[in-house]
Amino acid sequence: MFLRTVSRAVPRSTAAIRAAPTASVNALQTRAASDHAIPNPTLANIEKRWEVMPPQEQAELWMQLRDRMKVDWHQMTLQEKKAAYYIAFGAHGPRAQPPKGEGMRVFAKVLQLTAASVAVFYAIHAFAGKQPATMSKEWQEASNEYALKEKINPIHGISKEGYEGKGFVQSPPAEKS
Amino acid sequence: MFLHNYISKLQLDAPTPWGLFFQDSASPQMEGIEELHNNIMFYLAIILFTVTWMMISMIRNFLANKSPIAHKYMNHGTLIELIWTISPAFILILIAFPSFKLLYLMDEVMDPSLVVYAEGHQWYWSYQYPDFTNEDDEFIEFDSYIVPESDLEEGQFRMLEVDNRVIIPELTHTRIVISAADVIHSYACPSLGIKADAYPGRLNQASVYINRPGTFFGQCSEICGILHSSMPIAIQSVSIKDFLLWLREQMEG
Amino acid sequence: MIYKSKSNFQNHPFHLVSPSPWPLFTSLSLFILTTATVLFMHGFQGFQYLVALAVFNVIYVMALWFRDVISEGTYLGNHTNAVQKGLNLGVGLFIISEVFFFLAIFWAFFHSAISPSVELGAQWPPLGIQAVNPFELPLLNTILLLSSGVTITYAHHSLIQGNRKGALYGTVVTIILAVIFTFFQGVEYSVSSFTISDSVYGSCFYFGTGFHGLHVIIGTAFLAVGLWRLAAYHLTDHHHLGYESGILYWHFVDVVWLFLYISVYYWGY
Amino acid sequence: MGAIPEADPDEVLETKPFKFVTGYDARFPQQNQTKHCWQNYVDYYKCTTAKGEDFRPCKQFYHAFRSLCPKAWTDRWDGQREAGNFPVHLDK
């Protein structure tokens, strides 16, 4: 089973050789270099056609190009060079250009999920019990007096000389009930 | 000036709203910790700015359209590798040295004048003053429970007040011996710069020298069960005279 | 078509194993063995029978698996030089993992022994524990195990030099020494004055020596299989990987004993 | 409990220096003081077993363990000594 997965991962070009009836491990070595240029129509506009070609044709074309590349590269036609470059390094498969507006779509999705989590937070918050009695302005003002009496924070905080902050006060006055 | 005002707002013996910095220190240990913190923050700022600058300049200058040649065969440079290995090592030594110095200074309990034994329970602290005994050889021993929210007097701190505070004389070297009765707890007080785990069957000591009168709050700092958050620590430092008056009252009942 | 032609040749030296039920069966047998042993030790009624059944199961599956590996290695020729290299590496890594297993046991021992807690009276061995005298049975056992190391080395070199008789006798003597060692450990356990539940001393002692004893038994089985394959003409002077692995394992067990003898028996006495 | 009592202005208070024996012991320099407590407990009972209850130098061990050990620990060890299963021979 392991064997099959491996052979599937082998690049199509080698798979194509194996597909030949005389498949043998020596095929790669014995296949001759080709002196005959591939006709231009086969290669014309390859950038547009490559991705829609059936795999069998892709493999055949690529093997032809490989055989052409075994001879002196100066003999290759411009079309062949372009096609070989495109097939090897062109913007297809993993190198394909991202579709337009992908960044925006990612950003929008992130915003959407953030909004959903904020909504969930406030939904849960709506069911929370009431705040402790200490979270009121009156209590916190009493806390300031208490802190002064206990000499709390005498270096930078409320008990320091000339302190001008709010001390422990952070909440609105308690609602009269 | 701006920075000073800003820090004043942040720096907060008891936690205060939006308190992001340390609480005010009340012991030499805590002063040492603050100093070490500021020291390390200095290196941290340098590193942060250097690394950020390097990253930004790399991103700006080595874009594909600005620098189209990929240096495929330039994959190591001995000099720059030496520099970026040795210089962080030096920075780490500069951080480690004052850190170890402080660590060993804080560990030292040279010649304490009294011992306070603190024991963690699920979920309260109990204290013993074994050095002061009456004629029957009994010593002060009490439990210190949290004051529930419904029993708080107006202005008291929620989840921090206890019914019996630990009374420690100021300007006195005190050894706090810390242990636990059931599970692991941790005895901590930020403004005194102490935090020591309390293990059943083990005695840990911490040295305390409180340099001003005041009340200092702390909490159990090792998760110990469901009411881990409800076993606060309140330490009150008083003058020697007041301490002795308190002792006499405790001993005579 | 590709796969059909592929099946006619193999252009690499590796052994791609065929599907086998034994890993799953071994796992299940071992799972039942551990579960049954734990339940038995906690006093659940009747679980000794499940323990026995599970031990039988483990041995049975082991035998079947060994049979498959022997077919592949000896008769089908799947164990090429590259495969032997890989298996050797595997055995080496396995022994390293065993080293770390014993490292943990020694860590527990030294943690308790170097600074004994006040509950033990801050002494090692604790008051009331009569530690085994290292110069009696343990010394004899040390000599037995070290001698077995010598005899197995003799057997190995005989095999390499094509001396069949020497290899056979050397292995037989090694196995006899191993069995005597295990017997004496059993004697020592039955006459010792403390149990596994007598303080952390008993726990560390039986934890360390017990697992060593178990490894001695496993190593003996390992060598016994090697002996049988030697007798059955499976092994050649340059292809005897299972036998060699058994020897490596035996030396490992030997070294663990030396550390046990020095630290637990001698230093802890 | 907890509140600091008011001082009586008429009472003449005399503050004397106070200091207890359990200072620094170079055998136990670490944070872990378990054996500092333990060693003094064992030493005290070895001392009194050898020299008798009234031998005054033994007292320093007593003050030391009394100051360091939790009451619950010494109570348990006292029980073990009485039951004869204390894990140290105090007469050796």
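Biologist: In S5(B), which residues point the other way from Thr174(B), Ile176(B), Ile178(B) and Ala180(B)?

Modeller: This is a predicted model. In a regular strand the side chains alternate between the two faces of the sheet. In S5(B), Thr174(B), Ile176(B), Ile178(B) and Ala180(B) take one side, and the residues pointing the other way are Arg175(B), Val177(B) and Ser179(B).

Biologist: Is strand S5 of chain B largely enclosed or open, and why?

Modeller: Strand S5 covers residues 174–180 of chain B. Both sets of side chains belong to buried residues. Seven of the seven residues are buried, so the strand is largely enclosed by the rest of the structure.

Biologist: Which strand pairs with S5(B) in the antiparallel sense?

Modeller: Strand S1 of chain B, residues 114–121, pairs with S5(B) in the parallel sense over seven bridges. There, Leu114(B) has Thr174(B) as its bridge partner. The other pairing has five bridges and is antiparallel. In it, Arg175(B) stands opposite Ser207(B). The antiparallel partner is strand S8, residues 204–208 of chain B.

Biologist: Where does UniProt place the feature "transmembrane region" in chain B, and what is the chain there?

Modeller: The unreviewed UniProt entry gives residues 40–59 and 79–100. Residues 40–59 of chain B have end C-alpha atoms 28 Å apart and are 100% helix. For residues 79–100 of chain B, the end C-alpha atoms are 31 Å apart.

Biologist: Which pair of chains has the most contacts?

Modeller: Chains B and C do not touch, with their nearest C-alpha atoms 9 Å apart. Chains A and D do not touch either, at 12 Å. Four pairs of chains do touch, and the most contacts are between chains B and D.

Note on methods
Residues numbered from 1 in each chain as written. Chains lettered and ligands numbered in written order. Predicted model: local features only at pLDDT ≥ 70, side-chain atom pairs only at ≥ 80, totals over all residues. UniProt positions renumbered as here; feature names shortened; annotations may be inferred. Helix = DSSP H or I, 4+ residues; strand = E, 2+ residues; numbered from the N terminus. Contact = placed C-beta atoms within 7 Å. Buried ≥ 20, exposed ≤ 12 C-beta atoms within 10 Å, placed from the backbone. Pairing = 2+ DSSP bridges.
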